[in-house]
Amino acid sequence: MKNFSKPGILKFLLLAVLAVSAGLLWKHSSSAAPEEKPLIIAYGDDIAGVVLQKALEDMPVKKADIGLDSINMGDCCGSNAQFALSTGEVDVAVLCPDAVIDLAESGKQYTVLGELVYDGNVLVTRPDSPDTLSVIGYMNGRDEQRVLLEEVFGSQSVTLEPMFASALPFALENKAVDAIMLDASLAIKLNYPTQSISSGEVTTVMIARTEILSDPRLQPLIDAYNSTVEEIANEDVLIDMLCGFLETDNSEEVSAFWKTVTVQFGSLKTGTNEKS
């Protein structure tokens, strides 16, 4: 009969324990439920995005702890945001009305959760812009801006030029255009005369894939957004939010700008949306 040395026996026992442990780990990993995909909210570089970011930051719990995540898609009217929503990569999105119409025509099921911003498109001019405007630039792909400009300036001989949002300020500064139409969050960064030329026009909405409406993670998002809208009804809180967005302490200048526009914010409520 073959004799086993004490070190050999210990080595054999150690290998046996490791083998059993590996088997248990494999069994556990194979039977564990897959990690749940977070509910992803997409927003853009606009005033609605500023409010949404504040809402997410001010939530009583971290968004990751309740299975929420967010992504800045840049242009809320761009094809990237629409594609991400249509493929299921994104569950909730803050979009301009044009993008919502395009999605509705795609045949897939989406639900508008509410109208977030009214009169967010504003007109910016130079101090030396002529009283009668000849050329106005607007954001490329924003049909709602073009339609608004046609309604306001249709009786005048005005040329409307679609441009990338980043090019509009340069075009205005270099006198390639007499005025530009921008989202208020972009206009506030410019030191130029600004005014609203619409009244009660919906400029941003929140939309979700219909299949996720019963997801329990959606309600905390809605509650957080509504709470933020209630808070910024207080002008001091609103100006503080905008100063944080602009990374400035000049609250008087920010307040002066905000008094030149008529931007309003809507709440996410079942059935109706209330302006505040």
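Does Cys77 count as buried or exposed, and at what relative accessibility? At 12% relative accessibility, Cys77 counts as buried (under 20% relative accessible area, with exposed over 50% and partly exposed in between; 1.4 Å probe, protein chains only). The model is predicted: local features need pLDDT of at least 70, side-chain atom pairs count only at pLDDT 80 or more, and totals for chains, interfaces and linings use all residues. Residues are numbered from 1 along each chain as its sequence is written, and side-chain values use heavy atoms, without hydrogens or water.

Cys77 sits in the loop between strand 2 (68–72) and helix 3 (79–86). Helices (H or I, at least four residues) and strands (E, at least two) are DSSP runs, numbered from the N terminus. Beyond neighbours within four places in sequence, Cys77 is in contact (heavy atoms within 4.5 Å) with Gln82, Cys96, Asp98, Ala99, Gly141 and Arg142. The C-alpha atoms of Cys77 and Asp98 are separated by 6.9 Å, at 21 residues apart along the chain.

The largest nonpolar core has 52 residues. Such a core is a set of buried Ala, Val, Leu, Ile, Met, Phe, Trp, Tyr and Cys residues joined through side-chain atoms within 4.5 Å. Leu52, Val92, Leu242, Trp258 and Phe265 have the most contacts inside it. Helix 2 gives the largest share of this core, 7 residues. Leaving aside neighbours within four places in sequence, Trp258 is in contact with Ile47, Leu238, Ile239, Leu242, Val263 and Phe265.

Helix 2 also meets helix 8. Val51, Leu52, Lys54, Ala55 and Leu56 in helix 2 meet Leu221, Ala224, Tyr225, Thr228, Val229 and Glu231 in helix 8.
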